[in-house]
Amino acid sequence: MPANRVGGFRDLVIATSMDDPTLDKVEEFYSLGMKYALDNKSQLGLGSGDSLNLYAVIVSNKFGDDMKRSVGSAAPGGNSIHGRLGLTVLVATAEQQIYYYTKTPIRGGLRYRSLRNFANTYFGLRSQVVA
């Protein structure tokens with residue numbers, strides 16, 4: 001399926017669930033997602049000049065505090081010069097929380113803000129009010 005085009009960028013979401021997540025598994029999933037996107041650019045609708053925002057979303061009931069801190073402090077991977085960035089998002093279903101990199105670097109600040117807004121909008125868990 002083609003990546004979604006938003007604001008001049010292509011947004012691609014890959015998602016999985018993990019019963020026993022580890023930092024190594026999370027990093028491997030992100031790496032596999034970026035490799036897949038780069039190997040399949042034309043099938044995803046990515047042209048040579050398109051910029052890619054990859055969201056590697058991992059859903060689990062249990063993420064350790066160390067993993068949450070590590071993902072929250074690791075700047076999005078990829079290469080902004082070559083037009084590709086990736087954000088790892090942990091979706092903790094038991095806590096109804098998402099965890100990801102929340103800082104804004106001086107260089108590329110608007111793009112990082114866009115990554116976070118996308119994550120909040122599409123992966124944030126909202127409680128539903130029953131009338």
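The model is predicted, so local features need pLDDT of at least 70 and side-chain atom pairs count only at pLDDT 80 or more, while totals for chains, interfaces and linings use all residues. Residues are numbered from 1 along each chain as its sequence is written, and side-chain values use heavy atoms, leaving out hydrogens and water.

Let's start with helix α2, residues 65-73, whose buried residues are Met67, Lys68, Val71 and Gly72. Seen down the axis of α2, these buried residues fall within an arc of 125 degrees, so they line one face of the helix. Here, buried means under 20% relative accessible area, exposed over 50%, and partly exposed in between (1.4 Å probe, protein chains only). The arc is that of the directions from the helix axis to the C-beta atoms. Helices (H or I, at least four residues) and strands (E, at least two) are DSSP runs, numbered from the N terminus. On the other side of α2, Asp66 and Arg69 are exposed.

Now for the rings: Tyr55, Phe118, Tyr122 and Phe123 form one aromatic cluster. Rings of Phe, Tyr and Trp (its six-membered ring) pair if their centres lie within 6.5 Å; planes under 30 degrees apart count as stacked, over 60 as edge-to-face and the rest as tilted. The structure holds four aromatic pairs. In one of them, the ring centres of tyrosine 55 and phenylalanine 118 are 4.3 Å apart and the planes are at 20 degrees, so the pair is stacked. This pair links distant parts of the chain, with tyrosine 55 in strand β3 and phenylalanine 118 in helix α3, 63 residues apart.
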